[in-house]
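Hi,

Here is the structure I promised to pass on. Have a look at it first, and then read on for what turned up.

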Amino acid sequence: MKLFSTTITENNLIKKPTIFYVSSPFQILCALEAIYYYQIDQYKFILGTTNDIRDTQMFKLLEQQKIPYELFPLNKLTNIDRLLLIIKSYCKKNHRTYKQAFLGDYFTLDFYIHSFQFLKRGSNIIYLDDGTSTIAIFNRQINTNLIFKIKKAIISLNLFLKGIKGFRYYFTLFSDIKTKQFICLENKFSLMKEIKSQNIPTDVYIVGTNINRFCDVFNIQISDFISQLELLFKNLIDKY
């Protein structure tokens with residue numbers, strides 16, 4: 001795998017103590033790929049929960065893999081909580097046992113704040129894919145508001161003070177997209193390919209935004225959406 005970086009190399013990612021922050025099943029799949037590919041044997045999972053159906057899906061996926069996890073309720077976090085987390089990260093240095101963090105969502109700034117207390121000086125922050133939003137980020141198609149930019153600036157200052165490298169690396173299956181903002185580490189989904197070669201399933205699983213949320217945004221009837229999926233699968237069966 002070719003990495004365009006003088007800071008992160010394939011060798012110094014292997015077996016490094018790692019903390020993962022995820023908030024969707026797809027992000028977990030990407031995290032499992034990172035563990036498999038880089039042979040990470042010491043890791044911790046933090047699940048960002050929002051009282052969404054994705055929470056249950058994440059619980060089941062990690063429990064199936066017999067991977068323990070801790071909950072981080074994003075929807076209950078207040079500004080006072082955020083401030084306390086930042087203060088805590090400067091006080092409890094003995095908690096800093098991890099040398100890199102994989103964040104499942106570039107825009108969830110609370111993940112950065114929570115990770116400060118666990119990361120050693122000189123650690124790296126690497127992003128995991130979050131569906132098509134990764135493509136939009138690479139193509140600079142997402143606009144952020146002033147509040148987000150201010151919060152990001154505060155986080156960037158703390159990253160600098162702690163000697164942590166952030167906002168730069170992406171472990172992604174979209175590594176072929178040219179981007180000057182990020183250094184891409186290719187996610188080849190090697191684990192998925194190995195599982196498929198051992199046991200070819202007959203079922204089809206769709207990983208992505210849940211149907212209700214998708215249909216509500218685009219004002220689509222769920223029955224129409226299901227009909228289109230059935231037509232798609234019929235065409236795929238006929239073709240392949």
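Before the sheet, a word on pairing: two strands pair if DSSP finds at least two bridges between them. Keep in mind as well that this is a predicted model.

Strand E1 (residues 18–22) and E4 pair in the parallel sense, with four bridges between them, and Ile 19 stands opposite Ala 101 in E4. Strand E4 covers residues 98–103 and is mostly covered, five of its six residues being buried. E4 also pairs with strand E5 (residues 119–128), again in the parallel sense, this time over five bridges. If you want a spot to check by eye, Tyr 98 stands opposite Leu 119 in E5. To get from E4 to E5 the chain passes through helix H5 (residues 109–115), and this β-α-β crossover is right-handed.

Now zoom out. How many strands form the open sheet, and in what order? There are seven, arranged E3-E2-E1-E4-E5-E6-E7, and the pairing is parallel. Strand E3 (70–73) and E7 stand at the edges with a single partner strand each, so one side of each has no neighbour in the sheet. From one strand to the next, the twist averages 30 degrees.

E1 has its pairing with E2 too: parallel, over five bridges, with Val 22 opposite Leu 47 in E2. Helix H2 (residues 25–37) packs on the sheet, where it touches E1, E2, E4, E5 and strand E6 (165–172). The direction of H2 makes about 165 degrees with that of E1. Helix H3 lies across E1, E2 and E3 and runs at about 160 degrees to E2.

Those two helices also pack on each other. The axes of H2 and H3 are 9 Å apart, at an angle of about 30 degrees. Angles under 35 degrees count as roughly parallel, and H2 and H3 are therefore roughly parallel to each other. On the H2 side, the residues involved are Pro 25, Ile 28 and Leu 29, and they meet Arg 54, Gln 57, Met 58, Leu 61 and Leu 62 in H3. By class, that contact of H2 with H3 has six nonpolar residues, one polar and one charged.

There is another helix pair to look at. Helix H4 (residues 79–91) and helix H7 (residues 146–162) have axes that come within 12 Å and cross at roughly 5 degrees. H4 and H7 are therefore roughly parallel to each other as well. Here Ile 86, Ser 89 and Tyr 90 in H4 meet Asn 158, Leu 161 and Lys 162 in H7. The residues of this contact of H4 with H7 divide into three nonpolar, two polar and one charged.

A few single residues deserve a click. Asp 110 is found in helix H5, the helix of the crossover from E4 to E5. Is Asp 110 buried or exposed? Its relative accessible area is 11%, and buried means under 20%, so Asp 110 is buried. Leaving aside neighbours within four places in sequence, Asp 110 is in contact with Phe 72, Leu 74, Leu 77 and Arg 82.

Asn 51 has a phi of about 60 degrees and sits in the loop between strand E2 (43–49) and helix H3 (53–64). At 66% relative accessibility, Asn 51 counts as exposed. Phe 189 has a phi of about 50 degrees, and its place is the loop between strand E7 (183–186) and helix H8 (190–198). Phe 189 is buried, though, with a relative accessible area of 16%.

Finally, the overall numbers. The protein chain has ten helices and seven strands, and buried residues make up 42% of its 240 residues. Among contacts between residues at least 6 apart in sequence, 72% join residues at least 24 apart.

Cheers

Terms used:
Residues are numbered from 1 along each chain as its sequence is written. This is a predicted model: local features need pLDDT of at least 70, side-chain atom pairs count only at pLDDT 80 or more; totals for chains, interfaces and linings use all residues. Side-chain values use heavy atoms; hydrogens and water are left out. Axes are lines fitted to C-alpha atoms, for helices over the stretch in contact, and angles run from 0 to 180 degrees between N-to-C directions. Angles under 35 degrees count as roughly parallel, over 145 as roughly antiparallel, 65 to 115 as roughly perpendicular and the rest as oblique. Contact means heavy atoms within 4.5 Å. Ala, Val, Leu, Ile, Met, Phe, Trp, Tyr, Cys and Pro count as nonpolar, Asp, Glu, Lys and Arg as charged, and the others, Gly among them, as polar. Buried means under 20% relative accessible area, exposed over 50%, partly exposed in between (1.4 Å probe, protein chains only). A crossover is right-handed if, with the strands pointing away from the viewer, the path from the first strand over the helix to the second runs clockwise.
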